[in-house]
Each structure stands twice: as C-alpha cells, then as structure tokens.
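I opened my notebook to look at how two chains meet. These are my entries, in the order I looked things up.

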Amino acid sequence: MTEILVLVDHVDGAVRKPTLELLTIARRLGEPSAVFIGADASQAIESLKKYGAEKVYVVDDADMATYLVAPKAEALQQLVEKTSPGAVLISSNAEGKEIAARLAVKLDSGIITDAVDVQSDGGTPVTTQSVFAGNFTVTAKVTQGTPIITVKPNAATPEAVDGAATEEKVEVSVSDGAKTAKIIKSEPRKASGRPELTEAAIVVSGGRGTGGNFEPVEQFADSLGAAVGASRAAVDSGWMPHAFQVGQTGKTVSPQLYVAAGISGAIQHRAGMQTSKTIIAVNKDEEAPLFELVDFGVVGDLHAVLPAATEGVTERKG
Amino acid sequence: MNIVVCVKYVPDATAERQFESDHTVDRVGVDGLLSELDEYAVEQALQLREKRDGEEIEITALCVGPEQATDAIRKALQMGVDKGVHVVDDAIAGSDSLATSLVLAKAVEKIGDVDLVMCGMASTDASMSVVPAMLAERLGLPQVTFASAVESQGEVFRVRRDGDTATEIVEGRLPMVLSVTDQTGEARYPSFKGIMAAKKKPLESWSLSDLGVDAEKVGLSAAWSAVEDTEARPPRSQGEIVTDEDGSGAKALVDFLASKKFI
Ligand SMILES: Cc1cc2nc3c(=O)[nH]c(=O)nc-3n(C[C@H](O)[C@H](O)[C@H](O)COP(=O)(O)OP(=O)(O)OC[C@H]3O[C@@H](n4cnc5c(N)ncnc54)[C@H](O)[C@@H]3O)c2cc1C
Ligand SMILES: Nc1ncnc2c1ncn2[C@@H]1O[C@H](COP(=O)(O)O)[C@@H](O)[C@H]1O
C-alpha cells in the first residue's frame, strides 16, 4: 500500500491533536507514516502508535527547530524522494502552510491549503475547502506530482487504532541556505486551562461591546467548558492577546457552538466563524449584522445576560 | 536600498464574490482593489524609509494581475511608493500560487539588485499565505514571515512572529523576503498631494516574454491542482431573536442551549 506522509506538529515532543486527525485522514488514502522532526521522539511515538501510524520517521535534530520553515521543508523533500508517498499531509497553521509551500516548489508538485475535509477517490485525495469567508465550498484535486495538502483542525475525528509505529531514524542534510532565518527567542503561550480555540467544541467570543471587561465572557465560557475568543476590535484595544482573535487575520473556528457577545459581525469576523454549526449572538443593537446568521439571538446588554445565563447553565448542570 | 512590495489586486470582499464557469475567481465582474492586507506591507516599507533618514531607498510596487490591477498599483503609488511594475499577460489568468510565485520571482530578478521583498500575510481572496515562502524558495533568500512587529538595524531585521503555540523573535539578514501581518499597524490613507504625485510616477507594464517565462508554465492549464466543483453555501436562515427584559433573555438562552443538548 502507498505510504502517506504526515508531518507531526508537536510542542517539545507532545503531539498536537490536529496531527492525530491527519493520521485518520491518511488511513483513507493509504498507510500513514508519521514524520517527527525534533529531539526525543519517544513520547510522540507512543501517541502516534495509538492513532494508527505504521511507521515513524525520526529526524533527530533539535537544531532544526531554531530556524524558520526552510530546514523542515528540506527534510521532507528528502523523505519524499526516498519514500515516493501518495500524498503529504501537514497541519494548516502558519508554519505548516509555509513548509508545504516550499516543498511544492522543491518537488514541482501541486499544493492545496486549508482543506476542511479530505476523501479518497481510488487513493487520490479529493479535498474540500471553504472559501470567500465561508460562502463557497470548493472540491479539488492535485494533478501534478505528489499531492501536498494542508488540513485545518477538526477536519476529522481522530480514530484510535493500533499502528505498528516502527521507528526509522533518518539522516537529512540541511543546507546553510536554509538556516538563514533564526528563531532567537521563543516564548511559549501560557496555558489558559481552557480548550484550544481551534479545537474546541464550543467557543464564546467577546468584542468591543465588552468594554474591556471579559469576565462575563470567560465565566460563561467556563460554565460550558468552552474556549474563549475575541474580535479584532477587542484585540486591538489590548483586552485580549492576538492568539485569541477569530476572523480573517486570526483563527478560523468551526465549532459545534459559537457564541458572540458584543460583536457586530463584520465580514472579516464572519470569515473566521460562519461555518460553525450553531451560532448565538448577544448584542444590544438589534440591527447588528451578526443577527442575520444566528440560530438564536438575544437583544440585550451582555453584562446582564451573560452572568445570568452562566448562573442558569451552572444550575442546570447541577 | 531597493525594496519591492508585492501587492495583489483582489475582488472586493464586501461585494458579491463569484466563480466563473471554469471555477476560477471572477476578477473582472466584481470591483477590485488593492488587497487590504498588502496595504500593511506598503505601510511598513514607507515607515522603514522614514526611519532610515539619509539612506537612499527606492520602493517598487509589483503586481501580477489583469488590466484593472493597475488600480492596486496606483493606490500604492498614492500612498508613497516610488514606482510600479505590472506584469500583465492573458496567459496568466487562472494561475495557481506556484505559477504566480514564479512570475513574481522572475520580475524581482528583472527589477534587479533587490534587497528586500515585502509581502502581505495573505491575499484576501485566496488567503493561502504561501506566496512569500514560495518566493523565498525560488529566490534562495531567507524568509522572515508573519511579522507582527518589525525592527531593523543595518542589514539585520528582527521581527515578532505570533505563532500558534509561541511568540517568537526571528532574525534575518538582507537580502530577504519579509511578510507582515495586520498587527504591524494601520496603513495610511493617500493624501491629496500623494494622489497628485502618483499621476507622474513611472508605472511599467511587462509581459511574460519580457520576463522570459514560458506561457505554458502559467495559467489555468498549467495549474497543478484542479478545482472539480464550487458550490455556494446555502444561506443561513435566521433563527429566533428575543429581546431581554429583566432576565428573560438569559432564561431563553439557557433553554435554547438545553434544547440543543449543549447542557
Ligand atoms: C484587513 C482586515 C482584517 C480584519 N480581520 C479581522 C479578524 O480577523 N477578526 C475580526 O474580528 N475583525 C477583523 N477585522 C475588523 C472588522 O472589520 C471589525 O472592525 C471588527 O470585527 C469589529 O469588532 P467588534 O464587532 O468587536 O466591534 P464593533 O463593530 O464596534 O461592534 C461592537 C458591537 O457590540 C455591541 N455592544 C456594545 N455594547 C454592548 C453591550 N453592553 N452588550 C451587548 N452588545 C454590546 C454593539 O451594538 C456592536 O454591535 C479586520 C479588518 C480588516 C480591515
Ligand atoms: N498576483 C500577485 N501579485 C503580487 N503579489 C502577490 C500576488 N499574489 C500574492 N502576492 C503576495 O503574496 C502575499 C500572500 O499571498 P497568498 O499566498 O496568495 O495568500 C500577498 O499578500 C502579496 O503580498
């Protein structure tokens, strides 16, 4: 069976959930082989095994992580040339897309980014993308070379199946030219204790209407076990870090439930949330454009509605 | 120093964006403009020149796009860029990011002696965020991308990159490719003086043969991915809207959540 390469996205060896989703997708297309780049793969191999990786290629090189993008693209190129895979799957985040971009140029291969679903047509990946602020769905195929596909979080539910996860160490050569953008400092994001924004089943976001007080938003989110998001107006005002921004220039989320409080619903915000399954808005202006998209809306002051709703939710959960 | 800012002409996001019957983006029937996210790159180029008083810096806006794309270059000239280069050729229509980056790379080489290639973080239509990395790969230059703050001293640039899991400081040396996000700060509006001055600024138009790019390498037929289908999402129908009075809103909200089994 053809191998499908999955680049492992990890933080110091801890595999991130979207990678497990990629393994599940890879199994539709062929035999999943994970590619781990970094130091100490042991913890990763354990989780990759649980989600069906048959092989794990390990590029044991801590130095690579201190440069942006280019060395990883070189490593993947060498692996593709060695294994002739049926496709390469990479997580759709800034670095993942850029690795895919350079790999496509190196291999003369077609690239598809931001797939929200990947199915197999006789082993050929067929992707679904959501474009123009979520207003269109596009299905596409790569027609030249090795399909290089970046996949958004939540494109599949990771299935636990036991893989062989046979470890194979690979030596790659990284050119000096690839080591020209150096990461001289890295500050890991502090864990909020809440679910990851792009992975959460429920997201509660606040906008300018919070007036800078995110407490009602955070408490409502916590009552539902949700992630917290923000509009750009809230981020630009310095109320929330940029990592929480939902929208065109922030994160795209597609949860089961999205609650927007004090957010008007500009096209750039909608671009990041309009494929959510269920949408709720709380806004004191009944003319707010976001109300056009909602399954349920409350016209009212979020500072009154959210705390009361938090209480109501907590009571019901008993 | 020579700076090239890559600017894209895109359909207006607030208009009804459409696909053509061959599944390419309709770039003619919908009003277009300079991609908002590229304005931030233009702004950072202009600020760099202002900060480096005394250094000779020439800024060129480069665009690959249809006839009307001169509008995008014009806007960059009005903001303060010195000259424009428009690569326009019927064969380019329908190009994918690989072909676009090839044409951009050849144009940068033809402009010559370029120290800094600047890009936006993504085009507002395709939104792939891949062209800057492809350009760096093709030009063999360092890629310092997704900068949300830029600092430089001489040839060394340091930027902040807000990643998924960490905030990084990335350092690179000229010549390089730099892409910037909308966190770098609002772009200026063209002044009246800028608008007048732009009329006299040079704007060159190059074809593929000027760049020595084979027409077979670009366009829809050379695209290495094929769209099988495009489908408009069914419009969302508006659900129930209640007006809060003395806590009734919160109660209705909780009932709704329970009815949908969220609690
Ligand atoms: C290139 C570009 C990229 C962008 N990218 C993004 C992006 O990624 N994400 C994003 O969100 N935006 C983005 N924007 C900005 C976007 O256009 C809007 O400006 C932004 O989304 C507005 O945020 P907001 O809804 O919080 O604020 P506003 O539009 O000011 O809306 C605030 C809302 O709160 C309501 N309100 C006020 N007080 C209360 C109260 N007490 N209770 C309840 N409701 C209240 C008001 O009625 C109003 O509807 C981008 C813009 C550009 C140009
Ligand atoms: N046709 C084009 N002409 C000029 N610059 C472009 C073009 N396409 C992309 N770019 C540049 O590349 C960046 C990222 O584009 P993309 O990879 O399409 O999201 C944009 O912000 C522009 O700076």
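I am working from a predicted model. Across the interface of chain B and chain A I found 38 residue pairs in polar contact, both partners at pLDDT 80 or more.

Next I asked which element gives the largest share of the side of chain B that touches chain A. I noted helix α7 (residues 248-259) of chain B, with nine residues. I then sorted that side of chain B by residue class. It divides into 35 nonpolar, 19 polar and 21 charged residues.

Charged pairs were the next entry. I count 10 salt bridges between chain B and chain A. I looked up one of them: the side chains of Asp164(B) and Arg16(A) meet at 3.2 Å, N to O.

Then I turned to extent. I list 75 residues of chain B in contact with 86 residues of chain A. How much area do chain B and chain A bury between them? I get about 6800 Å², with 60% of it on carbon and sulfur atoms. Asp164(B), Trp224(B) and Arg236(B) supply 12% of the area that chain B buries against chain A. That is more than any other three residues.

Strand β17 (residues 296-299) of chain A pairs with strand β13 (residues 240-243) of chain B. The sense is parallel, over four bridges. What stands opposite Val299(A)? I wrote down Thr243(B), in β13(B).

Note on methods
Residues are numbered from 1 along each chain as its sequence is written. Chains are lettered from A and ligands numbered from 1 in the order in which they are written. This is a predicted model: local features need pLDDT of at least 70, side-chain atom pairs count only at pLDDT 80 or more; totals for chains, interfaces and linings use all residues. Side-chain values use heavy atoms; hydrogens and water are left out. Contact means heavy atoms within 4.5 Å. Buried area is the accessible area (1.4 Å probe) that two parts lose on being put together, summed over both. A salt bridge is a side-chain nitrogen of Lys or Arg within 4 Å of a carboxyl oxygen of Asp or Glu. A polar contact is a pair of N or O atoms within 3.5 Å; within protein, one must be able to donate a hydrogen and the other to accept it, and residues adjacent in sequence count only if both atoms are side-chain atoms. Helices (H or I, at least four residues) and strands (E, at least two) are DSSP runs, numbered from the N terminus. Ala, Val, Leu, Ile, Met, Phe, Trp, Tyr, Cys and Pro count as nonpolar, Asp, Glu, Lys and Arg as charged, and the others, Gly among them, as polar. Two strands pair if DSSP finds at least two bridges between them.
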